[in-house]
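Here is a short briefing on one structure. Topics are grouped so that each can be checked against the coordinates.

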Amino acid sequence: MNRDLRFTALKKTPFHSRTSLASRTNKYYNWNGFTVPTEYSTTELEYTAARNGTSVMDLTPMCKYMINGSDANKFVDYLVTRDLSQMEDNTVAYIIWCNEDGKVMDDGTIFKFSNTKFMLCCAVKIYNWLHDSAEGFDVSFEDATDTTAALAIQGPTSCSTLKNYGADDLELLKPFGMKQYNINGYDVLISRTGFTGDLGYELWTDPANAENMWDSIMEAGKELKIRPFGMHALEMTRIEAGFIQTNTDFMAAEDSLRPVRMRSPYEIGMGWLVHLNKESYFVGKRALKKEKETGNSERCLVGLDIDGDKPAVGSVIYNEKKEDIGIVTAAMWSPTMKRNVALASLKRPYGIKIKENIFAEIYHPEELEYRKIWAKCKVVKRQFFSPERRNKVPADLYE
Amino acid sequence: MAKNTHDVIVIGAGHNGLTAASYMAKAGLDVVVLEKNEWIGGAAVSRELYPGWKYSNCSYVCSLLRPEIMRDLELYKYGLQIIPYEGSATMMRNGDYYAHYHDHDMTINSIRRHSHKDAEAYERYSRDVLRQCKIIKPLLKMTPPDLTSFKPKDLFGALEFAKHFAAKDELGGLGEKEIYDTIRFYTMSIRDYLDEYFESDITKAHLAGSAIIGTALGPCSPGSAYVLLHHYMGEVDGSVGAWGYSRGGMGSITKAMTGCLNAHGGEVKPDNEVVNVITKNGRAIGVATKKGDEYYAKKIVSNLDVKRTFLKITEESSLPGEFVERVKNFKIRGSSGKLNIALDGLPEFPCIPEGDPGGGGDMHFTETIEEMEGAYDDWKRGEWSRNPYVDMCIPSKSDPTMAAPGKHYMSVFIQYVPFNLANGGWNEERKQEFGRHIVDCIAEFSPNFKDLINHYEVRTPLELDNEVGLTEGNIFQGELTMDQLMFNRPVPGYAQYRTPLKNMYMCSSSTHPGGGVMGAPGANAAREVLIDMNIPQTGNYY
């Protein structure tokens, strides 16, 4: 029976025929209107692939926008807080952008092809925001979310896998570099970027090439411990890497129902991406400058190293007087580091000036009862795990 | 002539009267509800006018009924079950359709078929409207303070009202921007409001529907944006803005309330129309019925709209002149009609793909706001809309109790229909002409629709006035505009459910927070009566 084509359902990505075939658990979730696997077999094994071999993740649901026009360079610099005026062609930069109140709307990566052509990749839809912000710029936008298929290929053997696939000299690509290839008759853009905090790449191509690309990469990685990788495993690797996730670690300004939930870059550990000395104006500059000068940021987002081995998921954080000083936004037991880590949003001065005598109240489920654990926490660098191989050039090869 | 004495008499067995009665009976009072019709329910009623088919004759969907009331009155015990909608759709003359679903992302994907920008704007729009809903929600169960009074109760009340307006508890405090937004929202037209978010006609037309249902405002009239909020502030189990069917029709709601009332010793007496409120020295002491019986009570609570209460059954001489003048000026204009249709099978709507959940809830065929305003223009001239806005649904798709398996009941709400029809007013012939016109309009979108019709009931504002007792057929018992909301509802100085007559109260939708099958006016009024009687109470409305 054929369904009417107008019948609305969650979309399938161009890799769906392959991801659904690879899935043994049939566990899916809704990511930005697409159906994608949460888990293929076992999250622990998928996680290990990213730290041991090659992990493959369907990234297609990420929002992707092409920014073209003679003012594209100027526009991008106006949109984001980071100074991109010196950004080189064929490189990628990690960025955040704010609204005029200096509250963070989202983070993402910007790909520069030339002064007149960029690609923006992010979590929250901003097609309208781009248009609204573009007044006075000679620039046009194309939503490439549905027209670009994307895969993340991450892990220690990922470079070798992709070389087998046909990406010659890929080991020479620097972190945040990107290179255009033609493989099996299709254009494939490869960037040395990712969300796992490890050696890894992201591949961008025409949806028509998706199935061929998936099959070829799986074949190329056959002897290199390749494995498809779902959302749950990604969540583990990104926490270890200390990467923040919009609407998990902070609320996107435009999505916040409650105005008090909006956060400035300084309140989510992204102050380093705000270049107030950037010559030109950028959205939110006035408010951010004021916040920086008055120092009235209210929160901070920190890494916590927590005693014991019970993950502090959703825990409330207290000071020694048992006053509520914040909340855990993401937590896990790290299989690689054998550490109990978490990201937490704290009320200043906790996390900035006061880093000692902080406690997490953990409710650990034990066969229909909860054990209440009062665990001591240490404020640490958010980037928990960053192996040397992550930034090595040339990248590690397994031959 | 029988003479009966009770603690409380409630006039009218609609959902607010029954809510008030149940709360008071639960608090231990001896309550009797007098109803003019032979059946119970007011505008929340299910009647079988054609054998085998149950209609929701007036109101037809449920969202606004406050969950606290369902909980306090334990309505589930007396058979109440709400079935959530699957989706909604607007059919287009080019054969396409526009749909909303339970799932937010599916809705976004659906809107994107019509406009990329609108799909994203919908996220911002839903957040902003939800924020307004959160602001208004705590106000629903409060008695509006009298802003001119210096009684401690009113001073604290005003403070409490203002505090909730800034919604400290729900939203963690609003900034300047959000307060400006709220004030704009309450006073704008829905067209202007939607223009700030959307570009495509179909998106705007679909969303604007909620802003005109039941009101005598057009989509370009200032104040229509609030009407949208009024339809959005309901919920089905925390899903704000969601609508559902009441299993067994809307009559199940009033039936369940009657069940609660009976369980607490109260009684409803149908076929007992109150024609006069008996007063003595500026106090209401009882009522007289058409049958000639007299009932006496310590408190009288009227669930009739404010015009019927004070211009029909109360002696004008017992009321202050200025109050009567205000009541006369209260805007209560009928603008809606209805068709209830017994269908021999499921009508096909080729615009909507088979099995698409968009067809599971309300369906429409108005494609632009201009069409909607055109429909309103007809009403202003005293005519029914030639190209009406309809809100139609087939509850039997989800509810197995409305018709036999395979048979269907369809409810069609029609906007706009005048109370005073030009050129001679309503008569049976013109009523049937109106019914046929609506059937023709629907048949344009459904080839087999006409063949399936076994029977239909046509309701004009005149029937709603005569039979249900809604003055001029206004379903909200008074227009929902700022001049008639909160401390202005129904008239300034009398927004606290009390009236110029001692011992007489109002609990109808003419009072705060207004119309819709919400129950909040009834619950709020019961609280005020109990406070005046020094009777301790429990529950969510205390």
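Is B:Gln477 buried or exposed? B:Gln477 is buried, because 29 other C-beta atoms lie within 10 Å, and 20 or more is the cut-off for that class. The model is a predicted one.

- Most residues other than glycine have a negative phi, and most peptide bonds are trans.
- B:Gln477 has a positive phi, near 50°, and is not a glycine.
- B:Gln477 sits in the loop between helix 17 (461-468) and strand 20 (504-506) of chain B.
- A:Lys225 also has a positive phi, about 60°, and is not a glycine.
- The loop that holds A:Lys225 runs between helix 6 (210-220) and strand 14 (226-228) of chain A.
- A:Lys225 counts as partly exposed, because it has 17 C-beta neighbours inside 10 Å.

**Cis peptide bonds**

- The bond from A:Arg348 to A:Pro349 is cis, and its omega is near 5°.
- A:Pro349 is placed in the loop between strand 18 (339-347) and strand 19 (358-366) of chain A.
- The bond from A:Val393 to A:Pro394 is cis as well, with omega near -5°.
- A:Pro394 belongs to the segment after strand 20 (369-380) of chain A.

**Nonpolar cores**

- In soluble globular proteins, nonpolar side chains tend to be buried together.
- The largest nonpolar core has 156 residues. B:Ile9, B:Met24, B:Val31 and B:Val412 touch the most other members.
- Helix 4 (residues 116-140) of chain B gives this core its largest share, seven residues.
- Beyond its neighbours within four places in sequence, B:Ile9 is in contact with B:Val32, B:Leu34, B:Val287, B:Tyr295, B:Ala297 and B:Ile300.
- A second core is separate and has 106 residues, including A:Phe75, A:Ala210, A:Phe229 and A:Ile317.

**A helix pair in chain B**

- Two packed helices are described by the angle between their axes and the distance between the axes.
- Helix 9 (residues 201-212) of chain B packs on helix 10 (residues 224-232) of chain B at an angle of about 90°, and the axes are 6 Å apart.
- Helix 9 and helix 10 of chain B are therefore roughly perpendicular to each other.
- On helix 9 of chain B, the contact uses B:Ser210, B:Ala211 and B:Ile212.
- On helix 10 of chain B, it uses B:Ser224, B:Ala225, B:Val227, B:Leu228, B:His231 and B:Tyr232.
- Six residues of this contact are nonpolar, three are polar and none is charged.

**Domains of chain B**

- Chain B splits into domain 1 (3-45 + 58-82 + 248-330 + 483-532), domain 2 (108-238) and domain 3 (332-468).
- The centres of domain 1 and domain 2 of chain B, taken over C-alpha atoms, are 28 Å apart.
- Their contact takes 21 residues from domain 1 of chain B and 13 residues from domain 2 of chain B.
- On the domain 1 side, helix 2 (67-72) and helix 18 (520-532) of chain B each supply at least two residues.
- Helix 18 of chain B gives that side its largest share, four residues.
- The domain 1 side that touches domain 2 of chain B divides into 10 nonpolar, eight polar and three charged residues.

Note on methods:
Residues numbered from 1 in each chain as written. Chains lettered and ligands numbered in written order. Predicted model: local features only at pLDDT ≥ 70, side-chain atom pairs only at ≥ 80, totals over all residues. Core = buried A, V, L, I, M, F, W, Y, C linked by C-beta atoms within 7 Å. Buried ≥ 20, exposed ≤ 12 C-beta atoms within 10 Å, placed from the backbone. Contact = placed C-beta atoms within 7 Å. Axes fitted to C-alpha atoms, helices over the stretch in contact; angles between N-to-C directions. Parallel < 35°, antiparallel > 145°, perpendicular 65-115°, else oblique. Nonpolar A, V, L, I, M, F, W, Y, C, P; charged D, E, K, R; others polar. Domains from an automatic or database assignment.
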